[in-house]
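Please have the sequence and the 3D view open while reading.

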Amino acid sequence: MGDGVFALAGPWPPLPPPRTPPGATTPPSTWRRRRWGGSWGQWVLGTLVALALVAVAVQGWVLAGVRGELQRVTTQLQVSGDQPLLEKVLQDPPPAKKPAAHLIADATISSQANGSLRWDPTKAWAFLRGLGYQGGSLVCHQPGLYFVYAKVQLGAPACPAPAATLHGIHKRTPRYPGVLDLLVNKVVYCPQSQGGPWAQHSFLGGLVRLERGDEVFTRVQAPQLVRAVDGSRSYFGMFMV
């Protein structure tokens with residue numbers, strides 16, 4: 001070739017791999033990598049075993065605490081003379097029941113001379129406990145806070161013209177000469193004139209403070225509209241809270 005450049009023709013044989021001289025050792029970097037890989041696996045395994053042992057120890061401690069608390073509560077439930085609390089409760093008289101009453105409409109419900117509706121304290125599921133009943137009124141014997149309620153079913157075979165009536169719960173007391181209004185509802189019926197029958201209901205309920213001798217009653221401005229039907233349609237009652 002020209003310009004003083006020349007080349008040797010091949011092919012050339014492959015170079016032999018390097019040989020480690022006799023007595024030489026593995027390079028330090030390779031030894032450290034192998035040693036670190038083995039140490040890491042042993043550390044992970046040891047950590048898992050330690051966590052398992054800690055979990056078992058915590059579980060045993062919790063169970064021991066629960067057992068001690070159970071023994072403490074069992075000891076407290078024992079009364080003097082080693083008498084179980086359940087036996088003591090069964091031997092003690094039950095607490096006195098609070099006054100309550102639930103009256104249902106009489107089959108021929110009508111208003112009394114004082115304007116209150118007449119109720120039946122003995123029919124079906126009606127009851128009277130700790131309260132008096134006189135002339136359609138519930139009489140308070142024990143002062144306190146009471147929830148009073150009343151529901152009346154109204155209706156008529158015809159609906160000639162729009163009209164309205166009042167339904168209320170009232171109170172009489174020896175400390176005041178007149179009648180006190182506790183709850184009053186205005187019931188509008190026959191919103192549109194029609195010739196057929198109609199039905200409407202009114203419910204009242206609320207809390208009131210009563211003293212001994214107070215009388216509570218309910219009345220409707222037009223008592224002829226009240227329908228007895230059954231004990232679920234018209235009723236009246238109260239109970240101490």
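## A bridge between Arg 209 and Glu 211

A salt bridge joins the side chains of Arg 209 and Glu 211, with 3.4 Å from N to O. The term salt bridge is used here for a side-chain nitrogen of Lys or Arg within 4 Å of a carboxyl oxygen of Asp or Glu. Arg 209 is partly exposed at 49% relative accessible area, and Glu 211 is partly exposed at 30%. Buried stands for under 20% relative accessible area, exposed for over 50%, and partly exposed for values in between (1.4 Å probe, protein chains only).

## How the model is treated

The model is predicted: local features need pLDDT of at least 70, side-chain atom pairs count only at pLDDT 80 or more, and totals for chains, interfaces and linings use all residues. Residues are numbered from 1 along each chain as its sequence is written, and side-chain values use heavy atoms, without hydrogens and water.

Arg 175 and Asp 214 form a salt bridge whose closest N and O atoms are 2.5 Å apart. Arg 175 lies in the loop between β9 and β10 (176–189), and Asp 214 in the loop between β11 (198–210) and β12, so that the pair, 39 residues apart, links distant parts of the chain. Strands are DSSP runs (E, at least two residues), numbered from the N terminus. Arg 175 counts as exposed at 53% relative accessibility, whereas Asp 214 counts as buried at 1%.

Glu 215 and Arg 172 also meet through their side chains in a salt bridge (3.7 Å, N to O). This pair links distant parts of the chain, 43 residues apart: Glu 215 is in strand β12 (residues 215–220) and Arg 172 in strand β9 (residues 163–173). Arg 172 counts as buried, at 18% relative accessibility.

## Count

By the salt bridge rule, the count is three.

Conventions: Helices (H or I, at least four residues) and strands (E, at least two) are DSSP runs, numbered from the N terminus.
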